[in-house]
Amino acid sequence: MREISAGAVADTVARLCVQANTCLPRDVKDGIAAARAAEDWPPAREILDRIVENGEIGGGFPICQDTGMACVFLEVGQELHIAGDLAQAVDEGVRRGYAQGYLRKSVVSDPLERVNSGDNTPAMLYTDLVPGDRLAITVAPKGFGSENMSRIAMLKPSDGVEGVKDFIVDTVEQAGPNPCPPIVVGVGLGGTFDKCALLAKKALLRELGTPSPLPFYAELERELLDRINALGIGPQGFGGRTTALAVHIETLPTHIAGLPCAVNINCHVARHATEVL
């Protein structure tokens, strides 16, 4: 059985916190460039040009002033042993990364008392067991300009696909310019109340624009992207062809009496960074 130290996990998480917050992912850069090439509304073109320019001259500074809550996704190989406390190692990595990168500390220790934790911990930690002896770590900082625009609905089976489509489009329309479009729309369908929301967040980790491997859902993603972009909200809410860069749908089996649907929205920077140990 292969072994990785908790210290190595902390080092990697710290590095990924800085990387994710300062480097626009390549798939996002490509998506924004494609949107700019297709845009004919002058204010939208100007905004997309500035986004591209900012990405080129960032120089190691945070992409956004809201450096987010650290959402950390782990895929832990079943043949791997972590020597030490895994959860503590992740929090230590976040603590160090946010200090080393001079990243804003945005976490309050209690939702009502509102006292800042001072180090952006705890991380929001999600762990999956997978075959093998590797550890894949993804850090996806989530700002709340977009997180606050997310919604979940326990739809009825009778609402069907049209009800799902209407809920997703309505969520984006209600969000308007608040999540800093062009956005990425993550959708979770099925499972239970909690699993559905997690699916929506995981959908945001998929490489931008990569279609669902299921033809039915790949077509649904295309249709929803067209409907969302037809809303005309546009980059930063000033109108234009591009309100969303992509719609990604992830699904799970669900109960005969339910049709859970969650929408998790990402702003245009769609931050994420992954490393495999």
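**Strand β9 and beyond**

Guide: Let's start with strand β9, residues 259-266, which is mostly covered: 8 of its 8 residues are buried. Here buried is under 20% relative accessible area, exposed is over 50%, and partly exposed is in between, using a 1.4 Å probe and protein chains only. Strands are DSSP runs of E with at least two residues, helices are runs of H or I with at least four, and both are numbered from the N terminus. Before going on, note that this is a predicted model, where local features need pLDDT of at least 70, side-chain atom pairs count only at pLDDT 80 or more, and totals for chains, interfaces and linings use all residues. Residues are numbered from 1 along each chain as its sequence is written, and side-chain values use heavy atoms, with hydrogens and water left out.

Back to β9: L259, C261, V263 and I265 point one way, P260, A262, N264 and N266 point the other way, and all are buried. As for neighbours, β6 (residues 151-155) runs antiparallel to β9 and is joined to it by 5 bridges, with I152 partnered by A262. Strand β7 (residues 183-191) is also antiparallel to β9, through 6 bridges, and there L189 has C261 as its partner. For strands to count as paired, DSSP has to find at least two bridges between them.

I152 turns up again at the surface, in a nonpolar patch with M154 and F193 that has about 290 Å² of accessible area together. F193 belongs to helix α7, residues 193-203. Patch members have over 30% relative accessible area and no salt bridge; nonpolar side chains (Val, Leu, Ile, Met, Phe, Trp, Tyr) are joined within 5 Å and like charges within 9 Å. The areas are Shrake-Rupley values with a 1.4 Å probe, and for residues only the protein chains shown count as cover.

Now the inside. The largest nonpolar core has 26 residues, and V9, V13, V72, L74, V94, L135 and I137 touch the most other members. A core here is a set of buried Ala, Val, Leu, Ile, Met, Phe, Trp, Tyr and Cys residues joined through side-chain atoms within 4.5 Å. At least two residues each come from α1 (6-22), β2 (69-77), β3 (80-83), α4 (86-100) and β5 (135-142), and α1 gives the largest share, 7 residues. Apart from this core lies another, of 23 residues, including F167 and V172.

β3 is two-faced: L80 and I82 are on its covered face, H81 and A83 on the uncovered one. Strand β1 (residues 2-5) runs parallel to β3, with 4 bridges between them, and E3 sits opposite H81.

Last, the charges. The count is 23 salt bridges, each a side-chain nitrogen of Lys or Arg within 4 Å of a carboxyl oxygen of Asp or Glu. In one of them R206 meets E250, with the closest N and O atoms 2.9 Å apart. That pair ties distant parts of the chain together, R206 being in the loop between α7 and α8 (215-229) and E250 in strand β8 (residues 244-254), 44 residues apart. R206 is buried at 13% relative accessibility, whereas E250 is partly exposed at 28%. R96 and E92 pair as well, at 3.9 Å from N to O; they are 4 residues apart in helix α4, so about one helical turn separates them.
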